[in-house]
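Please open the structure in your viewer and keep the selection tool at hand. The tour below goes from one selection to the next and says what is found at each stop.

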Amino acid sequence: MLTFTLRRLLLALPTLLFISLIIFLLVDLAPGSPMSEIPLTVPPEVRQKMIEALGADQPVFVRYILWLRQFFWVEPATLIDGWFGLNLAGNEQRILSWQSRSPVFTVIGQRIPQTLTVIGTAYLLGIAIAIPIGIYSAYRQYSFFDQLGTLVAMIGFSVPTFFSGTLFIIIFAVWLHWFPTKYDTTLLVTDWPSFVLQLKQMAMPVMVLALANAAAISRYMRSSMLENMGQDYVRTARAKGMTERVVVLKHVLRNSLIPVVTVIALGIPSIFGGAIITENLFGVNGIGAALIGAIHANDLPMVQTLAFIFAVLIVVFNLIADVLYGLLDPRIRYE
Amino acid sequence: MNLKSALLGAVCAFAMAPAAFAERGTDGEVKLTFPQAVSIMNPYLSSGTKDIFAASMVVEPLAGYDDTGALIAKLVSEIPSVENGGISEDLTSITWKLLPGLLWGDGSPVTAADVVFTGQYCMDPAGGCAQLSKFEGIKSIEAVDDATVKITFNAPKPNPFTAFVGSTSPVLQKAQFAACMGAAAPTCTDPNSMPLGTGPFKVTGFTVNDTVSMEANANYRDATKPAFASAVIKGGGDAEGSARAVMSTGEFDYAWNTQIAPDSQAAMAAEGKGVFVVAFGTLVERLEMNMTDPSADLPEGERATVKHPHPFLTDINVRKALSMAIDRQTLTEVGYGAGGAPTCNIVPAPALYASDNTGCLTQDIEGAKALLEAAGWVDTNGDGIREKDGKNLSILYQSTVNPIRQDFQALIKDWWAEIGVETELKAIDPSVFFGGDAGSPDTFQKFYADVEMYANNFDGTDPEAYLTQYKCDKAPSPENQWQGENMNRFCDPAYDAMIAELSGTRDEAKRAELAKKLNDMVTKDSSIVVPLVHRGTLSAHSNALGGVKINAWDSELWNVADWFRVK
């Protein structure tokens, strides 16, 4: 198990380096300029000066090496300095956003908590809804409940979040006045009323995302359950005189969860990325909204860093899913 | 004093009462929302309107513009003029006198040294100052004494109200920014996001690209203002969402830049919770006609340059017919609703400088056909496209990717088809079109098309610099790395001569007359530029917010100190 994990870890490093190069080049070679957003009343000489001040006029490979150094050395060193009060990073230049001129990682640090609370809650809620639905739909295949579950899942699958989000805003905010349309990021949860406010402002984005997540996971759960229900060991368990409850929830569920756990782990990076539209729609200042804003403003350092962080997350969670699979299913361990 | 005057006095006193009772911080919180979130609070490092407007609540210039476009004193006792001795007779210097007892948000006094420092800060060549053009032609900025600043120019300057005038050029505190000069400017994250100012509000919290929290500035020069104790600007989302938050759900008091589809405007306004207000500045959506041949058959370096005149757009009758075929009223209704007005001018405002040119407002398809016919452009082969000397009237018409612009393109293409002109449409990503990359064929400067559409405006109230853009030597070409604002490659010695006359004229009425003539020369007389719609900025405020006076000449939030809660 250990060698398996180590081997996967070692393989991840060159993968990440390669991804970083691709992302850097892709974003860099895309047409557009960070100065295109500024009004035409600003004269070209001033534009040129601004570009030079950003460092955007340097050759691409110089910026790539500099960015790698900043990403893998300066930023971690600054983080460690912040924890232990050291001075490893010294006065090294950090990765600065072209838009706000503040360090990219400070911005990301400010935004991760919002993404985790709102989008993370939605994911957990989605899982909590999807698994029971999947189990029951499979156990009573083609029943009314199963058909209804299929219908809801299909809606969740096929309706894009920008549509369901706007629909929810019109129903719950404009007509019913239940929830606010804009997420207040300055709200501090200190007592019961502020907690209620927090729940209210989280309600709509969480509902939208939970619907989309639950749809996918419940289908996986259902098909995995169905596959196991017909297996010989289930007949054996029934023949031994076990109750349906034990057969379904202990024997079948355990075995059916293996692929579903992998799907859930692999879906985690999408928590960060897939919620871009929802975050933007409800004004949740998570990292997805940061990515959209940075793309609009051609803020290359921000886009490159965020895209690379998404890549890291995908690789890491792939790794976790692999290891989990090995843990759950002894047959797969490559000793 | 008789009874009558005593009574009158009493009545006056009652009328004044609400103002007298007004007190700082009694009206709670004012909530603003911007569809683009605020990135930085230092206008010298950003030219984004969102950042400049947000910063205008905190940092202030010496003088600004009111809602009519007139100069108003902010941090100074009066607006300098030649008459009051503030501007030297030879127009080479301007002297500003600071208000006595002026304090920064932290309680320290504002001195002339702060103003001098701000000038040095922006003019530092390594700083990448976004407002450098405001400081153009300045020889020196010096502190005569603690309360007097003298700015000397290299040459006589008819309009000396550039540096420290308007929200793009506020005064920064020397003590806070002293370590942020030159190359260090962008790394000063804290001062850049929480600058100290003299304005009615003080930044208390700043989340990049999300929220700015502010509280009333205890040291603001008017002890009774602002009426609000705190203010918050929440950014992000889109124009539709911002408008909804004010007009439908009432979560916010003010939304800037709520340019949404005309039918949504009407639906939201009908709910009666708030109103849309429009700031009509100088922004004009226009068609620019290419006077040079953009044909791809020409070698690179000669394409779209003055070496090769355009095959048919050089014929004034063709340009005129193209303009006559357009129904500007319909375009305005389809694209902008209340946020736009049809126009025939490239200088549509201020009123003093706007020409009374309205001839283009009525569409005249028949007239356009007749004009082309008379000029010899006839459809001889029956394919619906007019031609002359083997040249087809077929146009490549480019613009940026934007739903309204694509609607405009489709409508105009139809009208042009009616008069026998074939049109091919092209939409380019705005960041490429406006990006100015000399290596890209799709920039608006290269203009590898026959007609292009975009919007442009000028800063402040004086159109001189803007009209100068159509001088011969401002044409983008390979020699100047495709820099320049004369996209049309228009060249008329009479125009250039009149520009020279304008820059030497001081008398305002005479300047206005010249500006109008120049405007007419490129629009009405030649149809080099075909203005379409005078665009305003649509904002929304709730009925519970009072004191809003929309302003197109300065920050929309220019009088935020006077805003109050309607009870």
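Before the first stop, a word on how helices are compared: an axis is a line fitted to C-alpha atoms, for helices over the stretch in contact, and the angle between two axes runs from 0 to 180 degrees between their N-to-C directions. Keep in mind throughout that this is a predicted model.

**Two helices of chain A.** Select helix H4 (104–139) of chain A together with helix H7 (residues 192–229) of chain A, and you will see that they pack at an angle of about 35°, with their axes 6 Å apart. If you look along the pair, H4(A) passes H7(A) in a right-handed crossing. Coloured by class, the contact of H4(A) with H7(A) shows 23 nonpolar, six polar and one charged residues.

**The domains of chain A.** Now colour residues 31–97 of chain A as domain 1 and residues 105–328 as domain 2. The C-alpha centres of these two domains of chain A are 35 Å apart.

**Where the chains meet.** Show both chains, and select the contact between them, to which chain A gives 43 residues and chain B gives 48 residues. On the side of chain A that touches chain B, the elements giving two or more residues include helix H2 (44–54), helix H6 (161–175) and helix H10 (276–282) of chain A. The largest share of that side, eight residues, comes from H2(A). By class, the side of chain A that touches chain B holds 21 nonpolar, 16 polar and six charged residues.

**A helix in each chain.** Just after H8(A), select Gly241(A), which takes a positive phi of about 90°. Next, move to helix H8 (residues 316–324) of chain B, which is mostly covered, with seven of its nine residues buried. Among the buried residues of H8(B) are Val318(B), Leu322(B) and Met324(B), and the buried residues of this helix pack against elements of chain B that include strand E11 (274–289) and helix H10 (365–374).

**Last stop, a loop in chain B.** Finally, select Ala544(B), in the loop between E18 and strand E19 (545–546) of chain B. Ala544(B) counts as partly exposed because 14 other C-beta atoms lie within 10 Å, whereas a buried residue would need 20 or more and an exposed one 12 or fewer. Leaving aside residues up to four places away in sequence, Ala544(B) touches Asp253(B), Arg565(B) and Val566(B).

Notes:
Residues are numbered from 1 along each chain as its sequence is written. Chains are lettered from A and ligands numbered from 1 in the order in which they are written. This is a predicted model: local features need pLDDT of at least 70, side-chain atom pairs count only at pLDDT 80 or more; totals for chains, interfaces and linings use all residues. Two residues are in contact if their C-beta atoms, placed from the backbone, lie within 7 Å. Helices (H or I, at least four residues) and strands (E, at least two) are DSSP runs, numbered from the N terminus. Ala, Val, Leu, Ile, Met, Phe, Trp, Tyr, Cys and Pro count as nonpolar, Asp, Glu, Lys and Arg as charged, and the others, Gly among them, as polar. Domain bounds come from an automatic or database domain assignment. A crossing is left-handed if the near helix is turned anticlockwise from the far one by less than a right angle, and right-handed if clockwise.
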